[in-house]
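My entries follow in the order in which I looked.

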Amino acid sequence: MVLPLALVATLLGSHPADPLHVIVQEVTPDRWIATVSDPARGSGRSGVSVPLPEGCDVESPGEPGEAEGHSAHAGGGWWHCQGGLTGLRVTGLDARRIALVRRVDQRGGEQSRVASATSPSVQFEMSPTSATPGGLLSYGRLGVEHILGGVDHLLFLIGLLVLVPAPRRLVTTITAFTLGHSVTLGAQALGAIKLDPAPVEALIALSLVFVAAEALRRAPEGATRFSPEVAAGTFGLLHGVGFAGALAEIGLPEHSVVTALLGFNLGVELGQLLFVIAALLLALGLRWSWPKALPTARLASGYVVGCAGAAWFWERTLLVFGVAFLCACGADDVSPEPPAQDASEDTSDVAAVDVADAAAPDTSGPDIVMPPGTCADYSPLRNLYFGDLHIHTGLSFDAWTYEVRTGPSDALAFAKGGAMKLPPLDRNGDGTRDVRLDRPLDFAAVTDHAELMAEVVSCTTPGNAAYSSTLCVAYREQGQLGLAKLAGVTFDPDPERYAEICGAVDCAAVVGDLWQRTQQAAAAADDATDACTFTAFVAYEYTAAPGGSNLHRNVIFRGDTVPALPITFFEAPTPDELWRALEQQCLDAGTGCDVLAIPHNSNWSNGNLFKVEAGPEGVVTGPGTADQVADATRRARLEPLVEIFQHKGDGECMNGFPGIANDELCSFEKIHAPGFQDCGEETGAGGAAGLGCLSKRDFVRNALAEGLRQETRFGVNPFEVGIIASTDTHAALAGNTGEQGYPGHLGLRDADAAGRLAKPGATPGSFVEGPGGLAAVWATENSREALFDALRRRETYGTSGPRMQVRFFGGALPEGLCADPQLLQKAYTTGVPMGGELTATAAGPRFLIQAIADPTSHPFARVQVIKGTLDASGEPVTRVVDVKVADDIVAPNAEACVLGKAPPPASGGFSEFCGEWTDPDFDPAVPALYYARVVERPSCRWSTWECNALPAEGRPAGCTDPRVEKLVAERAWTSPIWVAPE
């Protein structure tokens with residue numbers, strides 16, 4: 001009988017589920033952030049939510065609607081509660097869970113309340129104080145519920161009742177227990193002592209065994225029977241540490257610690273008193289109704305207490321020693337190894353850096369309280385993260401022919417700071433060149449070409465049914481010609497899989513296996529702990545090039561829920577069909593799938609990537625049809641970003657188009673030679689092979705301006721895209737953007753100087769290409785959800801490689817914001833960040849640009865704003881405005897840039913900047929957009945470093961070609977801010 005009773009006791013558990021935390025914090029007057037966190041479940045979700053309170057509405061940026069899970073501040077929206085926040089409701093609590101709700105105002109005043117399944121609504125006073133009766137009562141209720149749910153503490157009280165049956169002696173014994181745990185509860189909670197709760201919990205279990213043993217002894221002697229008050233007081237000290245551990249999990253309000261501690265302790269005492277009274281009444285009832293059963297009941301109670309205590313003691317002891325054993329043996333052996341360098345080192349102080357002539361923005365203290373997010377670095381004012389969203393491995397049809405044999409896991413390990421071996425391969429098939437990033441990335445996505453994955457594996461796996469086919473033999477043995485034979489299908493407007501390969505093998509099954517491999521690699525690399533050191537997205541590249549014009553997109557998924565197979569050019573031969581398929585299989589599938597597509601290399605598209613649809617009358621300015629409006633809406637929904645720069649050149653702007661003013665900085669990293677053929681309003685073909693005409697809309701600046709005109713036709717802007725950059729590496733070198741010692745991005749094809757500095761041809765690999773760039777994202781934390789949300793809202797920018805920090809805000813910003821300690825708080829509340837939208841006012845928006853140079857790169861030479869708008873006839877126009885120009889720039893002597901030697905001297909520029917700008921030509925009746933461009937002082941290009949290290953005789957073509965710039969001005973481009981007419 002005793003063992004089943006003990007088993008029941010242990011199954012009950014020693015404590016109920018820990019309380020959830022709900023914190024609502026006032027960011028600015030009447031604007032609140034709400035967060036929900038679950039200490040018992042780490043980074044998991046609790047299913048609890050906090051609906052928008054009555055009298056409040058949601059204010060941008062972001063539209064969270066309600067607080068849910070760990071980060072209630074999803075998307076960065078705020079509750080705007082006119083007149084203050086006086087009440088809210090917590091939904092989703094089950095019968096065993098309670099929620100501690102803390103309301104913190106902007107001045108630090110705090111109130112605490114408790115919500116439960118039976119009482120989900122809580123009310124606050126209009127003006128909280130540091131010690132409110134509500135806080136006392138809330139923590140008192142928590143104390144009562146904790147003691148009544150803490151079976152181990154209650155069993156100890158039962159042991160005392162069995163041990164000391166005399167009522168008067170029982171009162172003094174329980175009083176001693178009370179005094180003991182009150183002392184350690186207060187001391188531990190206030191920080192006077194610091195004891196590890198884990199071994200103390202084991203000793204608490206042992207106290208049950210001790211009391212039960214004493215109670216079951218038949219002999220009258222014994223220290224405990226002689227002085228139960230001393231024993232109870234001593235063990236009370238242990239139980240007090242346990243109570244303090246529970247209180248620590250709940251948390252004490254910063255400004256009413258004593259009140260909350262007093263309330264919790266009184267609650268514990270009240271709970272004890274209620275339990276003891278109930279137990280005594282039960283014993284009294286048993287004595288009156290069945291007196292012979294009372295001794296048996298006492299005996300059974302003693303055994304239950306003792307057996308339960310013994311079970312808990314061994315359970316807790318094994319837990320303590322198990323953790324210690326793991327620590328001693330190296331717990332990192334059973335968890336993902338962190339990167340060699342903390343990826344947050346370059347971003348942790350972004351919100352509080354010093355800027356020239358500006359005060360450091362205050363992100364903590366009494367003016368704003370940071371809510372706890374899923375990640376340890378959570379900040380509602382955004383952190384800056386750098387990554388690469390365009391990475392190819394040996395699974396891509398072109399990369400395999402470059403002797404690249406690395407896979408998704410290798411690329412992500414490299415992004416996190418690991419080493420990579422590049423071709424040429426040795427006799428064992430291993431790379432012979434070592435490469436490692438100087439700084440790990442914060443996030444990455446492997447985007448292998450989904451097209452022809454199955455064909456590549458089938459053609460390169462001996463024994464495969466298609467291995468000996470004519471096409472497979474050509475692919476393996478004929479180099480670039482073999483690649484062209486296999487990849488030529490991506491140029492076909494009506495593509496079909498090769499029957500000689502996919503007729504012999506089940507290509508769909510092979511693609512499914514490879515798609516699973518890609519997902520598994522991302523899941524393994526993604527840091528889902530609270531540390532959030534690295535984020536890995538599930539992704540692929542959609543590789544459409546009908547007629548040889550590049551229409552490629554990188555498809556990025558928000559989480560693990562993705563379609564069963566990637567949607568490729570074979571299933572969706574046009575971008576519109578891709579968008580429709582992504583809606584059907586992901587966005588509108590009801591599975592929780594979320595996705596966006598990022599077009600890239602518009603400079604290879606012959607005017608097709610940002611194609612302007614003709615209206616019913618065959619003109620580009622007429623009204624659109626219903627289908628055209630639907631397509632524009634679908635595109636705007638699925639493609640919020642564009643990749644402006646990567647190793648195949650710059651796509652921001654190009655000089656030489658009629659009617660478009662030249663910009664001296666538009667000569668940056670161009671793959672096209674001057675004297676190109678202009679497509680005009682038409683489109684061309686062959687761009688992916690360097691052929692055909694160029695369109696002004698092949699360059700993002702002009703496409704952005706064209707989007708304003710298209711919005712007047714469709715009612716939606718199909719080209720309202722934010723900016724990122726990436727590498728497009730085909731050697732798995734995620735984020736490898738350094739100019740000195742550039743190893744190439746094409747494996748064997750550019751493994752030596754001759755390959756990297758070759759003349760441009762019909763295939764990639766030449767001196768006009770380079771290391772590529774990085775995507776920079778302002779997000780609340782380094783998690784998939786937060787980064788994806790930031791990508792969707794376009795709070796992003798691209799860099800040509802360096803990790804400069806850039807902020808860009810616009811709106812009704814107050815003057816003198818650069819010198820305001822609350823710069824960021826006020827910028828977010830009175831304006832919008834990069835990627836945002838504004839409605840024009842007569843006064844026009846004020847813009848703020850904040851920039852900090854990469855300490856490992858070079859100072860800035862210019863800060864500019866680029867404006868796009870429509871002229872009087874409705875035609876798109878652009879203008880470049882210098883906000884700050886350094887007049888002391890001394891560029892380096894290019895001839896002195898030699899690998900292995902110190903960089904040549906250069907001077908001038910500025911490393912920090914914060915400035916405000918208003919448009920003197922602003923017209924509130926005309927749509928406009930603005931983005932910032934921040935440009936470094938000139939430095940030596942990768943080709944200059946390489947050429948100067950080679951003998952003067954016989955240098956490759958890229959060392960002498962006049963098209964190759966000796967110096968390069970690295971830069972960053974922000975996402976625009978759009979201003980709609982009033």
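**Backbone and buried loops**

I began with A732, which is buried at a relative accessible area of 0%, where buried means under 20% relative accessible area, exposed over 50% and partly exposed in between, with a 1.4 Å probe and protein chains only. Before going on I noted that this is a predicted model, in which local features need pLDDT of at least 70 and side-chain atom pairs count only at pLDDT 80 or more, while totals for chains, interfaces and linings use all residues. I also noted that residues are numbered from 1 along each chain as its sequence is written, and that side-chain values use heavy atoms, with hydrogens and water left out.

A732 sits in the loop between β22 (722-724) and α20 (753-756); helices (H or I, at least four residues) and strands (E, at least two) are DSSP runs numbered from the N terminus. Its phi is near 65 degrees, a positive value in a residue other than glycine. N606 belongs to the loop between β18 (595-599) and α18 (626-638), and it is buried, with a relative accessible area of 2%. For reference, most residues other than glycine have a negative phi, and most peptide bonds are trans.

What does H392 touch, leaving aside its neighbours within four places in sequence? I found T447, D448, H449, E541, D728, T729, H730, A731 and A732 in contact with it, contact meaning heavy atoms within 4.5 Å. H392 is in the loop between β11 (383-391) and α10 and counts as buried at 0% relative accessibility.

In helix α14 (residues 479-487) I found G482, L483, L486 and A487 buried. Seen down the axis of α14, the buried residues fall within an arc of 120 degrees, so they line one face of the helix; the arc is that of the directions from the helix axis to the C-beta atoms. They pack against α10 (397-401), α12 (453-460), α13 (470-477) and α15 (499-502).

I then turned to α12 and α16, which pack at an angle of about 100 degrees with their axes 8 Å apart. The contact is made by M453, A454, E455 and V457 of α12 and by C507, V510, V511 and L514 of α16.

**Cores and totals**

The largest nonpolar core has 127 residues, and those with the most contacts inside it are L486, I501, Y540, F557, Y797 and Y930; such a core is a set of buried Ala, Val, Leu, Ile, Met, Phe, Trp, Tyr and Cys residues joined through side-chain atoms within 4.5 Å. Its largest share, eight residues, comes from helix α16 (residues 507-525). Apart from it lies another core, of 26 residues, among them L208, A215, F275 and A308.

For the whole protein, I noted 23 helices and 36 strands, and that buried residues make up 58% of the 982 residues.

How values were computed:
Axes fitted to C-alpha atoms, helices over the stretch in contact; angles between N-to-C directions.
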